[in-house]
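Here are my notes on this model, point by point. Please read them with the coordinates open.

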Amino acid sequence: MAKFYYYNKNTDNKGNHEVHTEDCSYIPNSSNRILIGYENICQSAIQRVKKDTNKLNYDGCYFCCNECHKG
Ligand SMILES: [Zn+2]
């Protein structure tokens, strides 16, 4: 099921921006997140945000994007 994906403006302790789905309990509040877009899977959301921002430091949230969570 496709969802809206967001990333945290702030980086975590490993220097990564955490990527969340719209319905995650751990999503940052609206002033602290940026919309990536509507995607089917976290892999494509992360691929998209890397391309859009020209940065590579994104990591899926452990809770909502576990398949994309590296550490
Ligand atoms: Zn999450």
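1. Start with I36. Setting aside neighbours within four places in sequence, I36 contacts Y5, Y6, Y7, V19, A45, R48 and V49. Contact here requires C-beta atoms, placed from the backbone, within 7 Å.

2. A word on the basis. This is a predicted model: local features need pLDDT of at least 70, side-chain atom pairs count only at pLDDT 80 or more, and totals for chains, interfaces and linings use all residues. Numbering runs from 1 along each chain as its sequence is written.

3. I36 also belongs to the core. The largest nonpolar core has 15 residues, and I36 is among those with the most contacts inside it, along with V19, C42, A45, I46 and V49. Such a core is a set of buried Ala, Val, Leu, Ile, Met, Phe, Trp, Tyr and Cys residues joined through C-beta atoms within 7 Å. Buried means 20 or more other C-beta atoms within 10 Å of the residue's own; exposed means 12 or fewer; partly exposed lies in between. β1 and α1 (42-53) each supply at least two residues of this core. The largest share, 4 residues, comes from α1.

4. Now the sheet. It is open, with 4 strands in the order β3-β1-β2-β4 and mixed pairing. β3 and β4 are the edge strands, each pairing on one side only. The twist averages 30° from one strand to the next. Helices (H or I, at least four residues) and strands (E, at least two) are DSSP runs, numbered from the N terminus. Strands pair if DSSP finds at least two bridges between them.

5. Check the individual pairings. β1 (residues 3-11) and β3 (residues 33-39) run antiparallel, joined by 6 bridges. Y7 stands opposite I34 in β3. β1 also pairs antiparallel with β2 (residues 17-21), over 4 bridges. There, T11 stands opposite H17. β2 and β4 pair in the parallel sense over 3 bridges. In β4, Y58 is the bridge partner of H17.

6. Look at the turn. β1 and β2 form a hairpin with 5 residues between them, and G15 in the turn has a positive phi of about 85°.

7. Then the helix. α1 lies across β1, β2, β3 and β4, running at about 125° to β3. Axes are lines fitted to C-alpha atoms, for helices over the stretch in contact; angles run from 0 to 180 degrees between N-to-C directions.

8. Last, F63. Is F63 buried or partly exposed? F63 counts as partly exposed because it has 14 C-beta neighbours inside 10 Å. F63 lies in the segment after β4 (58-60). Beyond four places in sequence, F63 touches C24, S25 and Y26.

Methods:
Two residues are in contact if their C-beta atoms, placed from the backbone, lie within 7 Å.
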